[in-house]
Amino acid sequence: MCLAIPGQIVELYPDSPTAALVDVVGVRRRVDLGLLQDELPTMGDWVLIHVGFAMSKISEEDAADQMRTLRMLGEAEAAMQEVEGYGLDNAESAKAD
Amino acid sequence: MPQNNAQAPDASSLDGVRSNLPSPVRFREPQIEMAHGAGGKASRRLVEGLFVPLLFSSSSSEPLGDAAHLDFDGTRIAITTDSFVVKPLHFPGGSIGELAVNGTVNDLAVSGARAEAMVVTFVLEAGLPTPVLEAEVRAMGDAARKAGVRIAGGDTKVVEHGKADFMYITTTGIGRPLPGLTIDARSVRPGDKVLLSGPIGDHGVTILLARGDLDLEADLRSDTRSVLPWVEAMAKAAGPGIRWMRDPTRGGVATSLNELARDCGCGILLTEESIPVHDAVRGACELLGLDPLHIANEGQLLAVVAPEYADTTRHALSLSPGGENARIIGEVRQQPAGVVVVTTSYGGSRIVDMLVGDPLPRIC
Amino acid sequence: MMKFVDEFREPEAITRASEEIKRLADPTRHYRIMEVCGGHTHAIYRFGLKDLLPSNLELIHGPGCPVCVLPMGRIDDGLAIAQQPDVIFAAFGDMMRVPGTQGSPLEHKARGMDVRIVYSPTDALKLAHTNPDKHVMFFAIGFETTAPSTALTLVRAKAQGVRNFSVFCNHVTIIPAIRAILDSPDMRLDGFIGPGHVSTVIGCRPYEWIAQNESKPVAVSGFEPLDILQSIVMVLRQLRAGKARIENQYKRVVPWEGNRAALRAMAEVFELRPYFEWRGLGFISQSALRIRQTYAEWDSEQRFEVPGVRVTDPKAAQCGEVLKGVLKPHQCKLFGKECTPEHPVGALMVSSEGSCAAYFNYEHRKTAALTSIASPA
């Protein structure tokens with residue numbers, strides 16, 4: 001259910017638009033992009049691979065954001081409140097929307 | 001195949017041996033399964049529970065090693081045997097012929113002996129194309145010359161189509177114990193250091209990819225080679241400090257160290273970030289859910305060394321061709337006895353056990 | 001250096017996260033947080049994360065292990081189909097050692113059955129192309145993470161007109177399993193580490209009832225050490241503030257609305273079974289997928305006779321309680337004695353992400369003295 005690994009698209013196949021060659025630190029495998037057909041990734045994009053299918057595009061921006069948040073862990077609570085996704089100490093509804 | 005370090009019987013003591021009744025068989029499983037050949041727990045049960053009681057002298061309480069050192073009226077000879085079953089026969093970095101020679105040389109080397117000669121048996125499948133056989137025999141010849149081993153004789157059998165995966169090779173190697181080395185798991189004690197010659201997992205992952213079922217490609221080769229030059233370099237630099245050696249083949253570093261932990265009654269602690277692994281091996285293992293510690297190597301060496309000799313030994317290894325990535329990867333501890341533990345740089349730890357059978361890719 | 005992996009294993013950040021967790025955990029409380037997904041269970045043990053948590057924070061292993069919840073009878077059924085002449089049994093490596101009543105797929109292979117390990121359902125389809133005189137039966141398992149890939153493979157099989165390929169479908173869905181946990185009277189939980197990869201398909205909305213109706217916080221989590229630790233931080237912060245929301249810790253990969261193309265593929269090929277038996281949890285309605293009539297030709301259950309025999313687990317095996325998190329693996333009477341990874345009684349011991357196997361392989365002897373490796377009884 002859960003083993004999915006980030007890989008980078010290093011080759012596309014002109015005669016097969018829903019397939020790509022993905023590289024994981026030097027290991028390469030042909031991957032099916034069919035589940036991302038609404039917004040096909042392209043050369044150089046990073047995707048999450050599970051059982052030979054690309055499940056999602058990986059957002060470098062969100063990853064960097066996350067690392068910033070993590071590096072700030074343990075600093076002043078006030079600083080934490082400004083970080084996106086940690087708005088628990090302001091008057092936000094308990095219900096997800 | 002592990003062998004018992006027993007005295008070779010001479011004519012006058014044969015009666016004594018015959019009257020030594022074999023120990024009762026403790027192996028209770030109704031039939032042989034694939035797991036019994038995988039080099040892990042099931043294999044160990046078969047060997048200890050069936051082969052040892054029936055075949056080996058009950059007087060020996062020594063742990064089983066890769067080779068036996070026998071004494072013939074003061075002349076010491078090392079002997080080992082092994083069999084090679086691999087699919088595909090040929091793969092990046094080598095083939096079954098090379099594995100057969102290097103594997104035999106290595107079994108003797110890690111027991112502290114220099115291989116001098118080998119005899120070889122081929123079990124060939126009817127229908128095997130001659131060029132395939134010729135390529136393997138050529139590879140064996142080349143590997144033997146490179147390793148300085150004489151192939152002194154052999155045997156051939158042909159079986160019906162379907163009864164052998166193209167070919168099975170069995171070897172028996174004999175050699176001379178190297179001076180100044182006494183390899184014995186029982187001499188390992190807390191404080192000793194664990195040394196690894198280089199990156200792990202190359203061979204096993206190469207084979208897995210070469211089978212083609214997983215449709216993965218990588219720039220990887222088997223690491224098959226003779227480790228005798230390394231052993232000789234280590235013996236020269238630190239002979240008295242070397243307690244134990246093993247070539248971590250089937251079952252990987254995890255299996256070899258678990259066997260050691262059991263044999264010496266100590267615990268072994270490894271530090272994860274010190275274990276060298278090539279990127280592509282790591283990538284394949286992450287993709288397939290495998291642990292490099294369980295993957296077979298055919299050209300690496302594990303050694304346990306007294307702490308005062310550890311750096312010298314590692315240094316000697318690092319100067320030897322192919323040994324540049326030698327690392328001290330851990331140490332022997334009193335506790336937890338019989339167990340191998342891997343720690344991470346942030347303080348987490350996990351047990352690394354022997355596998356039951358071969359490592360299988362997973363998706364969960 | 002593995003991008004998007006190694007950054008989330010950075011030692012200093014892990015230490016900081018661990019300290020933050022210890023700071024946030026109220027010493028007068030005992031926290032019980034469930035990680036739903038077997039992949040998280042495996043990661044927790046593999047990275048030794050329990051060593052980094054305070055003693056009043058317990059991680060409870062959930063039922064999100066698709067191999068663990070598969071009843072033995074279904075394995076027998078799949079093997080029965082493959083026993084027919086000229087059938088190739090193809091499955092993920094995870095299935096290979098799971099015992100049926102007559103042995104596991106690997107044991108059947110050793111006895112002559114044509115059993116192949118595949119990494120992808122498309123590899124199984126490829127086997128059908130390269131073995132035109134055989135029938136390839138793909139034994140499909142997995143939650144919603146894996147189901148879309150099976151679905152798309154069936155779409156491709158139909159489009160290519162492949163006639164010698166079928167899927168034996170054992171896909172299950174995660175929400176009913178979580179409901180069964182929360183409905184269980186023995187269960188007391190404070191919050192959840194949500195299944196990150198399932199969520200790449202279903203998104204975060206399906207968990208909203210857990211916050212709204214059950215008032216439990218959920219952090220949909222990635223699988224690296226920092227992901228899991230950050231998710232625990234998120235849950236603890238919510239508990240401290242008395243809130244219950246769904247949070248997406250795994251934002252770099254999980255879209256809040258899920259993957260529409262994946263959901264479409266699933267809807268085209270699959271429909272919900274009225275009920276399905278989950279090993280250890282009993283029958284749960286609307287919790288599993290079967291192949292629609294429009295794809296009947298590629299449904300192993302419609303192409304072949306399936307014995308359909310129900311096999312009950314031995315009474316002594318407490319798989320159900322361990323699955324629900326009521327018991328810890330070592331609290332099951334059979335753990336480590338009759339039931340070990342070598343001779344598993346229940347599937348929780350076979351699957352490498354099953355909590356019993358994970359605990360046995362990675363944990364339970366860390367402080368134990370030397371134990372003898374005796375032959376099994």
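Against which elements do the buried residues of helix 1 of chain C pack? In this predicted model, they pack against helix 1 (60-72) of chain A, together with two elements of chain C, namely strand 2 (57-64) and helix 10 (225-241).

## Helix 1 of chain C

Helix 1 of chain C has 14 residues, and the distance from its first C-alpha to its last is 20 Å, close to the 20 Å expected at 1.5 Å a residue. Its buried residues are C:A13, C:I14, C:R16, C:A17, C:S18, C:E20 and C:I21. As a general point, an α-helix has 3.6 residues a turn, so residues three or four places apart point the same way.

Helix 1 of chain C, which spans residues 11-24, is also among the elements that give two or more residues to the side of chain C that touches chain B. Helix 1 therefore takes part in packing against chain A through its buried residues, and it also contributes to the side of chain C that touches chain B, where contact is counted when C-beta atoms, placed from the backbone, lie within 7 Å.

Of the 97 residues in chain A, 38% are buried. Among the contacts in this chain between residues at least 6 apart in sequence, 25% join residues at least 24 apart.

In the contact between chain A and chain C, 36 residues of chain A meet 53 residues of chain C. On the side of chain A that touches chain C, two or more residues are given by each of strand 4 (46-50), strand 5 (53-57) and helix 1 of chain A, and the largest share, six residues, comes from helix 1. By class, this side of chain A is made up of 21 nonpolar, nine polar and six charged residues.

## The contact between chains B and C

Chain C gives 46 residues to its contact with chain B, and chain B gives 35 residues. The elements of chain C that supply two or more residues to this side are helix 1 (11-24), helix 2 (38-46), helix 4 (105-110), strand 4 (115-117) and helix 14 (355-362). Helix 2 of chain C provides the largest share, with four residues. The side of chain C that touches chain B divides into 23 nonpolar, 12 polar and 11 charged residues.

## Domains of chain C

The domain assignment of chain C gives domain 1 (6-63 + 183-196 + 211-241), domain 2 (72-173 + 258-303) and domain 3 (319-358). The centres of domain 1 and domain 3 of chain C, taken over C-alpha atoms, are separated by 22 Å, and the contact between these domains takes 13 residues from domain 1 and 10 residues from domain 3.

Helix 2 and strand 2 of chain C each supply at least two residues of the side of domain 1 that touches domain 3, and helix 2 gives the most, with five residues. This side of domain 1 of chain C has five nonpolar, seven polar and one charged residues.

## Domains and sheet of chain B

Chain B is divided into domain 1 (1-65), domain 2 (67-177) and domain 3 (185-351). The C-alpha centres of domain 2 and domain 3 of chain B lie 24 Å apart, and their contact takes 19 residues from domain 2 and 20 residues from domain 3. Helix 3 (96-110) and strand 5 (113-125) of chain B are the elements that give two or more residues to the side of domain 2 that touches domain 3, with the largest share, nine residues, coming from helix 3. The residues of this side of domain 2 divide into 10 nonpolar, five polar and four charged.

In chain B, five strands form an open sheet with mixed pairing, in the order 1-2-7-5-6. Strand 1 (68-72) and strand 6 (150-159) of chain B stand at the edges, and because each has a single partner strand, one side of each is left without a neighbour in the sheet. Neighbouring strands of this sheet are turned by 20° against each other on average, direction ignored. Strand 2 (residues 75-84) and strand 7 (residues 167-177) of chain B pair in the antiparallel sense over seven bridges, and B:T80 stands opposite B:G173 in strand 7.

Notes
Residues numbered from 1 in each chain as written. Chains lettered and ligands numbered in written order. Predicted model: local features only at pLDDT ≥ 70, side-chain atom pairs only at ≥ 80, totals over all residues. Nonpolar A, V, L, I, M, F, W, Y, C, P; charged D, E, K, R; others polar. Pairing = 2+ DSSP bridges. Axes fitted to C-alpha atoms, helices over the stretch in contact; angles between N-to-C directions. Expected span 1.5 Å × (residues − 1). Buried ≥ 20, exposed ≤ 12 C-beta atoms within 10 Å, placed from the backbone. Domains from an automatic or database assignment.
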